Amino acid sequence: MMSSSSKSLLLAAVMSVLLLHLCSESEAASSFDCCLGYTDKSIPIRFLMGFTQQLSDEACDINAVIFHTKKGFVVCADPKMKWVKRAVHVLSHRIKKM
């Protein structure tokens, strides 16, 4: 039979493990990157592989197009810029053909 202090120690250990698990879960759910600004330069479409869109009404502060380059970089761009709209259009058609 367990003594009262052993039960308390076991309960404290179980609670600590549960608390650590909950903290790591909530931290993982909120640890994603947002674009905070835009690139100043246009990027040639031949260097781009794809894109994702960031919306300010979801989790981030600004609307942005996040371009994924062939070398593995990500670049944040202003979705209002002409070159960005063109790149999104071309990449969208390129993806549909696959």
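Strand 1 and strand 2 (residues 64-69) pair in the antiparallel sense, and 6 bridges link them. This pairing belongs to a predicted model of a protein chain with 2 helices and 3 strands.

- The 3 strands form an open sheet in the order 1-2-3, and their pairing is antiparallel.
- Strand 1 and strand 3 (74-77) each have a single partner strand and stand at the edges, so one side of each has no neighbour in the sheet.
- On average, neighbouring strands of this sheet are turned by 25° against each other, direction ignored.
- As a general principle, strands of a sheet pair through backbone hydrogen bonds, in either a parallel or an antiparallel manner.

- Strand 1 covers residues 48-54 and contains glutamine 53.
- Threonine 52 stands opposite isoleucine 66, a residue of strand 2.
- The C-alpha atoms of glutamine 53 and valine 65 are separated by 4.7 Å, although these residues lie 12 residues apart along the chain.
- Is glutamine 53 buried or exposed? Glutamine 53 has a relative accessible area of 54%, and it counts as exposed because this value is over the 50% cut-off.
- In general, the side chains of a regular strand alternate between the two faces of the sheet.

**Strand 2 and strand 3**

- Strand 2 and strand 3 run antiparallel and are joined by 4 bridges.
- Which residue of strand 3 stands opposite isoleucine 66? The residue in that position is cysteine 76.
- Isoleucine 66 therefore faces a residue on each side within the sheet, namely threonine 52 of strand 1 and cysteine 76 of strand 3.
- How many residues lie between strand 2 and strand 3 in their hairpin? There are 4 residues between them, and glycine 72 in the turn has a positive phi of about 95°.

**The chain as a whole**

- The protein chain has 98 residues, of which 19% are buried.
- Among the contacts in the protein chain with a separation of 6 or more, 41% are between residues 24 or more positions apart.
- The accessible surface of the protein chain comes to about 7900 Å², and carbon and sulfur atoms account for 62% of this surface.

Technical notes. Residues numbered from 1 in each chain as written. Predicted model: local features only at pLDDT ≥ 70, side-chain atom pairs only at ≥ 80, totals over all residues. Heavy atoms only, no water. Buried < 20%, exposed > 50% of the residue type's maximum accessible area, 1.4 Å probe, protein only. Pairing = 2+ DSSP bridges. Axes fitted to C-alpha atoms, helices over the stretch in contact; angles between N-to-C directions. Contact = heavy atoms within 4.5 Å. Areas by Shrake-Rupley, 256 points an atom, 1.4 Å probe, with all protein chains shown as cover.
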